[in-house]
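Visitor: I am new to this structure and would like to learn how to read it. Please take me through a few features one at a time.

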Amino acid sequence: MAKPPPPRAWQRMLSGRRLDLLDPSPLDIEIEDIAHGIARVPRWNGQTRGAHIFSVAQHSLVVEEISRVLKPDLADRWRLAILLHDAPEYVVADLISPFKAMLGGNYKIIEKRLMTAIHLRFGLPADIPDVHHKLLKKADQAAAYMEATKLAGFDKDEALKYFGRPAGIPANLDLTPWPADKAEKRFLARFNALCEQ
């Protein structure tokens with residue numbers, strides 16, 4: 001009896017690229033695929049207020065905006081790394097932290113391989129320096145706190161417990177969820193602006 005073929009481990013993208021999840025190649029990664037995907041992936045499993053989902057693309061823009069407040073002189077290549085911090089979710093979706101913790105190592109290995117390929121595709125090192133990673137985490141946690149309290153139904157004490165006290169929040173930060181096409185266009189525009197400078 002013939003052995004069944006292994007399960008499919010690749011994702012077809014609208015660009016025509018076929019991305020292998022187990023061994024992703026930078027050559028199969030296109031920014032348009034990333035922007036299209038993460039503009040349609042909801043944060044908080046879609047459990048947010050508003051007429052539209054609050055997308056990973058919009059979240060990525062918020063985190064990059066907060067990082068600009070925290071470190072105004074940060075070089076554009078590190079801003080690009082911050083903008084792309086959740087880019088693997090165009091393939092693996094945005095799993096909430098409690099579920100990621102239950103899945104453990106295999107999920108993190110796949111996510112890390114994807115991030116490495118994405119970084120290499122756009123001229124970034126596989127791992128960003130620790131000082132920039134700390135800035136990213138601080139901006140990401142601040143964004144999570146704001147999203148949790150403004151969109152996802154957390155009260156302030158609960159959000160403080162899980163995300164810490166936010167720092168670097170711009171006074172005019174708008175968390176009104178955008179339609180997917182708007183999030184996609186704005187993400188691409190910011191990506192292009194950072195790559196042109």
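**Reading the model**

Guide: Thr149 counts as buried because its relative accessibility is 18%; buried means under 20% relative accessible area, exposed over 50% and partly exposed in between, with a 1.4 Å probe and protein chains only. This is a predicted model, in which local features need pLDDT of at least 70 and side-chain atom pairs count only at pLDDT 80 or more, while totals for chains, interfaces and linings use all residues. Residues are numbered from 1 along each chain as its sequence is written, and side-chain values use heavy atoms, with hydrogens and water left out.

Visitor: In which helix is Thr149 found, and with which residues is Thr149 in contact, leaving aside its neighbours within four places in sequence?

Guide: Contact means heavy atoms within 4.5 Å. Thr149 belongs to helix α7, residues 130-150; helices are DSSP runs of H or I with at least four residues, strands are runs of E with at least two, and both are numbered from the N terminus. Beyond those neighbours, Thr149 is in contact with Arg49, Phe154, Asp155, Lys156 and Ala159.

Visitor: Which residues touch the most other members of the largest nonpolar core?

Guide: In soluble globular proteins, nonpolar side chains tend to be buried together. A nonpolar core is a set of buried Ala, Val, Leu, Ile, Met, Phe, Trp, Tyr and Cys residues joined through side-chain atoms within 4.5 Å. Here the largest one has 57 residues, and Ile34, Leu84, Tyr90, Phe122 and Phe187 touch the most other members. Helix α7 gives the largest share of this core, nine residues.

Visitor: How many aromatic pairs does the structure hold?

Guide: A pair of aromatic rings is described by the distance of the centres and the angle of the planes. Rings of Phe, Tyr and Trp (its six-membered ring) pair if their centres lie within 6.5 Å; planes under 30 degrees apart count as stacked, over 60 as edge-to-face and the rest as tilted. The structure holds four such pairs. Phe122 and Phe191 are edge-to-face, at 5.1 Å centre to centre with 75° between the planes. Phe122 lies in the loop between α6 and α7 and Phe191 in helix α9, so this pair ties together parts that are 69 residues apart in sequence. Both Phe122 and Phe191 are buried.

Visitor: Which residues do ring pairs link into a cluster?

Guide: The cluster consists of Trp44, Phe154 and Phe163. Phe154 and Phe163 form a tilted pair, 5.7 Å centre to centre and 55° between the planes. Phe154 counts as partly exposed at 22% relative accessibility, whereas Phe163 is buried at 18%.
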